[in-house]
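This report concerns the packing of selected helices and the surroundings of selected residues in one structure.

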Amino acid sequence: MIQADDNYTQVSAFVIVGFPSLQPEYFDIVGWFFFFLYVTIVLGNLLLVVVFALEHSVQKPMYIIMLSLALSDIGFPTVALPKLIARYWWNDGRLSFQTCLFQRHMIHYFGSLNSLILLTMALDRYFAICFPLRYPTVMTNQTMTGLTVLTWVVAHIFPSVSSYHIPTMLFCGLNKIMNVFCDTRSVVALVCGDISRKHMQSFATALFILYAPLSLIVISYIALIVTVLHVDSGKGLVKTFSTFATQGCIISIYYIPRFFVYAAPFFPSLTMTPDKRIAATLFYSLFPPLINPFIYCLRTKEIKQILRRWIQKRKSIFPKSMTLVKIEEK
């Protein structure tokens with residue numbers, strides 16, 4: 001660290017602490033847990049990417065959104081977990097000042113991006129069910145690709161606006177990030193002076209980024225439910241509400257725990273220990289990317305058929321290869 005004056009220190013690096021109460025004898029186990037979690041998330045979402053790339057039958061607007069979500073679900077753990085794994089395997093939690101700011105930007109970027117992707121998904125379902133005749137002409141592959149690119153670009157705006165002042169802040173000599181990655185709250189907590197205003201600004205920004213899309217998602221789903229109740233019945237109604245239940249579960253996991261983590265400092269009765277706050281953050285950040293591939297693979301008919309066809313093809317090839325091996329041995 002570089003001394004700026006008698007009271008302040010210009011921090012040149014930060015250290016990721018992780019779970020403050022975790023004992024060293026559990027570091028290896030926790031490191032392996034996050035390693036296998038990372039591999040599972042990446043492979044599961046990569047499967048969706050491969051299916052979209054190889055199968056022309058799923059190159060449709062809805063699957064473009066799923067592809068976007070899969071890429072985002074690969075991006076977040078790739079930004080967040082490698083340094084955390086290094087922290088527990090090799091006690092290497094050090095990040096340079098600029099690297100920490102970059103990680104902070106990308107952490108909030110993927111959070112904003114997922115929120116916008118969920119909004120795009122809700123709007124797609126709204127047009128598909130409420131305007132089925134106009135949907136094919138309105139939601140084309142070109143339109144959805146343009147919306148997807150727009151969400152990936154717009155998502156950069158929010159973390160950029162909230163972080164422009166961080167490089168100019170003065171720190172009081174402390175450089176330990178009480179979290180599993182660099183985020184705005186953890187970095188701002190190390191700034192000198194009264195940080196209540198900065199926390200309030202971060203809280204207000206987070207609420208707008210997350211809950212402005214959520215309000216539109218809720219409105220679209222209410223409109224969907226009203227439309228379905230007036231039009232559909234029987235098995236179609238059960239299937240539609242089953243889809244709503246799945247989407248609602250994912251949305252609830254994504255949004256509700258975030259609110260409690262962000263709101264905890266402003267409500268004295270809502271106390272969270274650092275370990276509980278970190279556990280809640282990891283839950284809402286990593287659980288959706290973990291279960292999304294399984295949900296969309298198991299609940300999407302076309303993807304199930306494709307995977308079943310791939311498996312059958314492999315089974316048909318495998319016996320032939322075994323037969324050739326036996327003939328060559330003879």
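This is a predicted model: local features need pLDDT of at least 70, side-chain atom pairs count only at pLDDT 80 or more; totals for chains, interfaces and linings use all residues.

Residues are numbered from 1 along each chain as its sequence is written, and side-chain values use heavy atoms, with hydrogens and water left out.

**Helix packing**

Two packed helices are described by the angle between their axes and the distance between the axes. Axes are lines fitted to C-alpha atoms, for helices over the stretch in contact, and angles run from 0 to 180 degrees between N-to-C directions. Helices are DSSP runs (H or I, at least four residues), numbered from the N terminus.

| Helix pair | Angle between axes | Distance between axes |
|---|---|---|
| Helix 3 (residues 97–130) and helix 5 (residues 141–154) | about 155 degrees | 8 Å |
| Helix 2 (residues 61–90) and helix 5 | about 25 degrees | 9 Å |

Helix 3 and helix 5 are therefore roughly antiparallel (over 145 degrees), while helix 2 and helix 5 are therefore roughly parallel (under 35 degrees).

Contact means heavy atoms within 4.5 Å. From helix 3, Tyr109, Phe110, Leu113, Leu116, Thr120 and Asp124 meet Met144, Thr151, Trp152 and Val154 of helix 5. These residues comprise seven nonpolar (Ala, Val, Leu, Ile, Met, Phe, Trp, Tyr, Cys and Pro), one charged (Asp, Glu, Lys and Arg) and two polar (the others, Gly among them). From helix 2, Pro61, Ile64, Ile65, Ser68, Leu71 and Ser72 meet Asn141, Met144, Thr145, Thr148 and Trp152 of helix 5. Here the division is six nonpolar, five polar and no charged.

Helix 3 has 34 residues and reaches 49 Å from its first C-alpha to its last, close to the 50 Å expected at 1.5 Å a residue; the expected span is 1.5 Å times one less than the number of residues.

**A residue of helix 9**

Ile251 lies in helix 9 and is buried, with a relative accessible area of 9%. Leaving aside neighbours within four places in sequence, Ile251 is in contact with Leu118, Leu214, Ile217 and Tyr221. Ile251 and Leu214 are 37 residues apart in sequence and 8.5 Å apart in space, C-alpha to C-alpha.

How values were computed
Helices (H or I, at least four residues) and strands (E, at least two) are DSSP runs, numbered from the N terminus. Angles under 35 degrees count as roughly parallel, over 145 as roughly antiparallel, 65 to 115 as roughly perpendicular and the rest as oblique. Buried means under 20% relative accessible area, exposed over 50%, partly exposed in between (1.4 Å probe, protein chains only).
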